[in-house]
Amino acid sequence: RFQQDDAHVFCAPTDVGAEVAACLEFVASVYAKVGLDHELILSTRPEDYMGSEAQWDHAEEELAQALDQHGRGYKVNKGDGAFYGPKIDVLVLDALR
């Protein structure tokens with residue numbers, strides 16, 4: 001049985017795009033090897049959040065650019081980010097979809 005709940009990437013603001021891109025490639029390669037499809041969802045700033053608007057704008061832009069460059073397509077879930085930052089949800093699709 002395999003279960004991955006979540007992951008966190010801690011890096012400098014200048015490295016966010018490259019780190020997220022590397023994570024997306026890793027996820028895609030692992031799921032491809034085991035024959036699973038997945039969807040990507042960008043969750044953005046919630047109503048109650050920590051940090052400045054500029055920090056959030058930068059983080060959301062970096063995640064969106066990494067997703068765009070990944071080329072898989074993604075949905076946006078406005079306001080569903082964590083209080084400390086935006087997130088990318090990876091939903092694994094199985095036979096029951």
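**View 1. The lining of the largest pocket.** Keep in mind that this is a predicted model. By that sorting, the lining splits into 23 nonpolar, six polar and four charged residues. The pocket holds about 1,500 Å³ of space. It is lined by 33 residues, and Ala7, His8, Val9, Pro86 and Lys87 sit closest to its centre. H1, H2 and S3 are the elements that each give two or more residues to this lining, with H1 supplying the largest share, eight residues.

**View 2. The largest nonpolar core.** Nine residues make it up: Val16, Val20, Leu24, Leu40, Leu42, Leu63, Ala64, Ala66 and Leu67. Helix H1 (16-33), strand S1 (37-43) and H2 each put in two or more of them, and H2 has the largest share, with four residues. Zoom in on valine 16 and, leaving out residues up to four places away in sequence, you'll find it touching Cys11, Glu62 and Leu63.

**View 3. Histidine 70 in helix H2.** This residue belongs to H2, which covers residues 53-70. Histidine 70 counts as buried because its relative accessible area is 17%, and the cut-off is under 20%. Skipping residues up to four places away in sequence, histidine 70 touches Leu24, Glu25, Ala28 and Leu40.

**View 4. Confidence along the chain.** The mean pLDDT is 92, and 93% of residues reach 70 or more. Strand S2 (residues 75-77) has the highest confidence, at 98, while strand S3 (residues 87-93) has the lowest, at a mean of 92.

Notes
Residues numbered from 1 in each chain as written. Predicted model: local features only at pLDDT ≥ 70, side-chain atom pairs only at ≥ 80, totals over all residues. Heavy atoms only, no water. Buried < 20%, exposed > 50% of the residue type's maximum accessible area, 1.4 Å probe, protein only. Contact = heavy atoms within 4.5 Å. Core = buried A, V, L, I, M, F, W, Y, C linked by side-chain atoms within 4.5 Å. pLDDT = per-residue confidence, 0-100. 1 Å grid on protein atoms, 1.4 Å probe; cavity = no way out; pocket = protein on both sides within 12 Å on 5 of 7 lines; lining within 4 Å. Points joined across faces, edges and corners; volume = space filled by probe spheres on them. Nonpolar A, V, L, I, M, F, W, Y, C, P; charged D, E, K, R; others polar.
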